[in-house]
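Hi everyone, thanks for making time for this. I'd like to walk you through one structure today, so please have a look at the screen.

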Amino acid sequence: MRTAALLDQTRNEVVEPHFAYSRLAADIVPPQVGKLRVWQSPHTKSWMLQPLNLTPEFIEGSVWEQLKYHLTDVDYDPDWWIEVPEGQSKGNPYDYYFSCVVKKDNVTKPVDGNILALIEARWDAAILAIKEFMQDDTVAVMQSKFSEPPNQGYEISWYQEGRPGDTISSLFNFYFGDFAVRVSSNGQADLFQRADPQDEAAPYAIVYTFPWAKEAQIHSRLHRLLILPHARNQIEFLSTTGAYVPMPYVWSEQARGMSSRGVNGGGIYKIPGEIVKDAGGGYTITQPGKWGLAVTRRYRPYVQIARIGFNNGTDQVAGFWDSPVQSPYPLSLPVRAGADIDANEGSYTLDAQVDEAKKTVQFYLTMTGQGDVDGGDTGTDPVTPKKGSTTSPELYGYSFYKPSKFQEFTRTSFLAPVLSVSINRAGAPDSEHLTALLDNSCPNSDVDYLKRRAEIPLQIGDLDTNDCLFEGTCFQVTSGEAPAQHPRTLRLEAAGMADSLLRMEWFNVVDFGVTSLDQPNLPWFWTDVVRFCFEACGFDPVTQVVIEEESKYGFRLWADGGAGGNRGGNGAGAGHEAGSVPGQRWLPRPGTPVYEFLSMLVYEILGWHFFWDCQDHLWRVYKRPDPTNPQDATKFTPKCAFVSHLTGSCSHDVNGMWTAAHQGLQIETTRPYCSTIVATSQWPSAQIASRAELKAALEKASSGDPHPEDPLIKMEMRRQWTTLRNPLCTGSDYTHPDYLGRERLRVMKLDQLATRDAVAFVSKRIYYDLCFGRVWCDFEADWGDPVTCRLRKWDAVQMDSGLNGALELWLIDSIEPQWRNDRVRRAHYRASLYRADVMPPR
């Protein structure tokens, strides 16, 4: 078996690295903010079309009067309510408020046939039940005639009369969809939700509380409360308090001081549970339905109710340019822009503007609504009508991507005989190392010219079988010069193909958990992340990366946070936490090797393996075989055998299987680290577990509960526990490798994982690694023939290591070949004993 080195190997090299960048919406601060008809939510930090309700023309003109409800749009008692306009334009009144008056003397309690009684009869029984349960003195006064669509937002503007010392439980209740908000005079507001969102007769219970004003700034002031369902599963509340006024006059003048003289309040409620798209591909946050208003009997209401509308982005462009992103090199290939964005029945355009001279790329976004709101007279001549929208696209983040540019560099390759070879693999690509000794006895030969340079692409192979035994890049050359006691030699120190992964560091990285390029509002597939990492280091992701069983196990990374804000977690395994940014698991840390992030994903998270296939000259990523999975049964078919009764080190074909003699066999057994894995994580959970329990609590409260206003359902962050236990650790068989004789717990804090599936996935992998005893063997045997040179981690082999020489199944862990002067190639093997109940060690 003749061994030779192919030096100065021709390879496909990357001439322009990839470019990748991602940014959360919270980090976007356009230089033209405030002028671009877009708006950033103060709580979710996502970007939307500007709400028309927050513009001056919403209250200073009749342009957006269509968004405001009039008495013709509601059911009400005409003996109690009139409309009062707050402004006039060219003799036309606008900006109407509902004002409570008494048109008849001695008004008695409503009786059958009265419009107010009809309103209450139409209201859901659940609404009246909650009013009775909360001991609320409000009375139902009006309800919209028509049902509003899902996720409809509202603005409630009102003047609150009264003295500062007045405190009552509720000023008014506003019902929308499957929710209701109660505004109290202590400055707090309570959000209620039906126990069953789909059941209109289901009872309500408190799910969230937020401050809407200071207690001393409530009476004799103007107030505004915006209710905005958005961000896929959240309801945002924004409240403003105006200056003190003795009565509600000239609202437009006082509105200018709303945000500066009072205290802004509000909050955001996040609906617990997984985010699931509806049949239309959107997200249902609040259910469709009519809105309703109930007010206290103690104050005279003066209130305006309007729908939330948005700038449409058609009469004037609604969008922005983000700050330019610098690239360290020219960008000759097109840069692709992707975004984590929801259209919400509107539309949007994305662009990545490249400035080749400045080596920058800039993100540009424009958004357009549905155009289902007609604006009124704009005061221009001729009249130019405006368009608004009841929905808005929403941006949570964006990313740039440009693939690497490759070019083949032709070198003058030549063969050189090898005197000795030592290959250290140690089971991981980053530790693969070659030490080769070449004959350099001829001065000025091709080999001799290599002593003045070290970057040498090379292969070590068998000239007889054409098998490649090692492939990598030389990084150090040592030349033995004459005169000396030994012939002149050239010693090459080379790293495996993982050298490119170790020497390429992240810059302008993309957050793989924010937005993928195929689906803007979903994380990346982990398989695409793996290809991206290899491409970043100069490997063609199409021809040089193979992910085995990709169709079976390809899934998206789980999200680790909320829209537009921080994301949780920086790695659940040990040893590679530095590969990602703390608090953002899927965002590689700039300035760290690509290999760290790649190994964290493949080794620590998935429990898989990857290696460079020297025969096919590509990377292979493959799953750890599971003996309990019937689909993996063929993976445990032995590929060769090692026995002790063969003479010498010659290989033989025994019963159709390659068989060789082993020497120096040693058996090593390690006990389990622990018997039980306890994975702890935090999840939002409800105190009320069932509808029956909720019904019982309501009955108890209505029958004289001394604390009737205590919430029944509160979504709280509670610590959940996932336990995986190996019963063999404390069983009766003390001869078993798993036996510990006592319980030993390992508690793993996995708060950074945001889904139950992620916790189950990671905790099971840790369980396999820590809760089982392992039996190992070390031996020396032949290596380098067409069978053994293709052995890889977790491949099955047979050995006569059992009782009285019985054959046992072992799984390869690592192979370290070494030989000199073309003698029989030998290697040190390490393997773990096959177990039918657990996967092999990682």
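A quick definition before we begin: helices here are DSSP runs of H or I with at least four residues, numbered from the N terminus. And do keep in mind that this is a predicted model.

With that in hand, let's go to helix H7, residues 526-536. Of its 11 residues, 10 are buried, so the helix is largely enclosed by the rest of the structure. The buried ones include Trp 526, Val 529, Phe 532 and Phe 534, and Arg 531 and Glu 535 are on that list too. Just after H7 comes Gly 538, with a positive phi of about 100°.

Next, a sheet. Which strands make it up, and in what order? There are 3 of them, arranged S20-S27-S26 in an open sheet with antiparallel pairing. S20, residues 310-311, and S26, residues 373-374, stand at the edges with a single partner strand each, so one side of each has no neighbour in the sheet. For those of you who like the backbone view, strands of a sheet pair through backbone hydrogen bonds. Between S26 and S27, residues 387-389, there are 2 bridges. Val 373, for instance, has Gly 388 in S27 as its bridge partner.

Last stop: the surface. Trp 721, Leu 745 and Val 747 form a nonpolar patch there, and together they have about 350 Å² of accessible area. Is Leu 745 buried or exposed? Its relative accessible area is 55%, and the cut-off for exposed is over 50%, so Leu 745 counts as exposed. You'll find Leu 745 in strand S45, residues 745-749.

That's my tour, and I'm happy to take questions.

Terms used
Residues are numbered from 1 along each chain as its sequence is written. This is a predicted model: local features need pLDDT of at least 70, side-chain atom pairs count only at pLDDT 80 or more; totals for chains, interfaces and linings use all residues. Side-chain values use heavy atoms; hydrogens and water are left out. Two strands pair if DSSP finds at least two bridges between them. Buried means under 20% relative accessible area, exposed over 50%, partly exposed in between (1.4 Å probe, protein chains only). Patches are made of residues with over 30% relative accessible area and no salt bridge: like charges are joined within 9 Å, nonpolar side chains (Val, Leu, Ile, Met, Phe, Trp, Tyr) within 5 Å. Accessible areas come from the Shrake-Rupley method with a 1.4 Å probe; for residues, only the protein chains shown count as cover. A salt bridge is a side-chain nitrogen of Lys or Arg within 4 Å of a carboxyl oxygen of Asp or Glu.
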